[in-house]
Amino acid sequence: MVYITGVQSNNSVNMHSPSFRSKRKSGKNKCENHDTLMYAEKKKHPVTTGIKIQADKLTKAFTEYPKKGFEGSKNANFYQFLTMGMVPYLTGSAMMIGVFNAASKFFDTPAAVNACKLGKKMGIGVIGYGILKTLSKKFIEVPVNMKYGIDVNLPYNKVVYELPEKDNRDNLVKHEYHKVFESVDFPRWDLLYNHESFGPERNGFFNRVAKKLGMDEDLQHSDQKTKPKIKEKVIQTKLFSTLSSYLWAATGVGIAMQKPWETLVVNPKQRLSDYKNYRKLAAAAKEKGQQVAKYNNFVKDFGKRFAASCKEFVNGSSKKNNIAGRILLGSAIGMTLLGNFVTLFDFNKDKGSKTQASISLIDDSKEKVVC
């Protein structure tokens, strides 16, 4: 199977360039000349690997990739274009947070107070949107991985050989971070064969998935039998995780718009001043034998306001406006439960058994002639 990347050709690679030769001799990167899985090895953890990938993509999205685009580089590709989508997302989020908070000092006192209240809500809303949209996908992806051993986010390091430009024939080897199941129609099955993390067998990954799917342990050609089922689970997981993520993100924004956040003190100088005043009042009260309410640090204060906001989001500030919050939260929970129900239960298991029965009618002990 041949994979073609854009219009780039491997013939343009200078195998004797310093960048290629030095890495090959050093032995630090044994898989410099072909694609490899990222965190399938035991020494690499999914969390640390994910952080490394996102940090690398974020850095290049602000530096290397825009430069290539402005210069009209012939090595700029669609992957770099998609990666640069982080730039408007982050800059837009920062503008939404700062549009009221940063400009409030130019308003009069009543307008500044109202702008500060709304600014806090928008800041928490932006953060809540991003966190819940990302983490909520794990509510479906993690159970599927635990039950079937299918990680829809399994990343791999794709080696790209760029074309020489501007008399530059060195540093032609670049790396892109893709996912094995990035394309449902054409997954990178080749990366799942003969990998040490899945066992010594050639079909180690597919044998493990076949056992978790309830197929025969001595199933021959497990890769051919499990590939359709893996595609089915990947499609279901991606569909329901995407739908539920937007509902959870909207829920996070709704919680951020509640009143308890209006009095949250975010300014470190103000919090330090409040803490010093609390220490003075506590010392004076101790001499008189009185008690003062305990001072809540930022984490405790944030947690209390989050709990109060969730309660207000569900119950509403009045009986008339508690329906929308309950419907939105119920939709997010319901979509997550539906996604787990569809992905974790195999409704086509009977069809699979019939297919196995029809295959078993062939007697392998007898001779066969292929014309």
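User: Which residues does Ser136 touch, not counting residues up to four places away in sequence?
Analyst: This is a predicted model. Ser136 has its place in the loop between α6 and α7. Leaving out residues up to four places away in sequence, its partners are Ser244, Ser245 and Trp248.

User: Does Ser136 count as buried or exposed?
Analyst: Buried means under 20% relative accessible area. Ser136 has 1% relative accessibility, so the label is buried.

User: How do the directions of α6 and α9 relate, roughly parallel or roughly antiparallel?
Analyst: Helix α6 covers residues 109-135, and helix α9 covers residues 222-256. Their axes come within 8 Å and cross at roughly 160°. Angles over 145 degrees count as roughly antiparallel. Therefore α6 and α9 are roughly antiparallel.

User: Which residues of α9 does α6 meet?
Analyst: The crossing of these two helices, α6 and α9, is right-handed. From α6 come Lys121, Ile124, Gly125, Tyr129, Leu132 and Lys133. In α9 they meet Ser245, Tyr246, Trp248, Ala249, Gly252, Val253 and Ala256.

User: How do the residues of the contact of α6 with α9 divide into nonpolar, polar and charged?
Analyst: Lys counts as charged, and Gly counts as polar. For the contact of α6 with α9, the division is 8 nonpolar, 3 polar and 2 charged.

User: Is the crossing of α8 and α9 left-handed or right-handed?
Analyst: Helix α8 spans residues 204-212. The axes of α8 and α9 come within 9 Å and cross at roughly 65°. The crossing of α8 and α9 is left-handed.

User: Which residues of α8 and α9 make the contact?
Analyst: The residues of this contact divide into 5 nonpolar, 3 polar and 2 charged. On the α8 side are Phe205, Phe206, Asn207, Val209 and Ala210. On the α9 side are Ser222, Asp223, Thr226, Lys227 and Ile230.

User: What is the C-alpha to C-alpha distance in space from Phe298 to Leu264?
Analyst: Phe298 has its place in helix α11. Beyond its neighbours within four places in sequence, Phe298 is in contact with Leu264, Val265, Val266 and Arg271. Phe298 and Leu264 are 34 residues apart in sequence. In space, C-alpha to C-alpha, they are 8.8 Å apart.

User: Why is Phe298 called partly exposed?
Analyst: Under 20% would be buried, and over 50% would be exposed. Phe298 is partly exposed because its relative accessible area is 35%.

User: What is the phi of Asn194 near?
Analyst: Asn194 lies in the loop between β3 and α8. Asn194 is exposed, with a relative accessible area of 56%. Most residues other than glycine have a negative phi. Asn194 has a positive phi, near 50°.

User: How many helices and strands does the protein chain have?
Analyst: The protein chain has 371 residues, and 35% of them count as buried. As for the elements, the protein chain has 13 helices and 3 strands.

Definitions and conventions:
Residues are numbered from 1 along each chain as its sequence is written. This is a predicted model: local features need pLDDT of at least 70, side-chain atom pairs count only at pLDDT 80 or more; totals for chains, interfaces and linings use all residues. Side-chain values use heavy atoms; hydrogens and water are left out. Axes are lines fitted to C-alpha atoms, for helices over the stretch in contact, and angles run from 0 to 180 degrees between N-to-C directions. Helices (H or I, at least four residues) and strands (E, at least two) are DSSP runs, numbered from the N terminus. Angles under 35 degrees count as roughly parallel, over 145 as roughly antiparallel, 65 to 115 as roughly perpendicular and the rest as oblique. A crossing is left-handed if the near helix is turned anticlockwise from the far one by less than a right angle, and right-handed if clockwise. Contact means heavy atoms within 4.5 Å. Buried means under 20% relative accessible area, exposed over 50%, partly exposed in between (1.4 Å probe, protein chains only).
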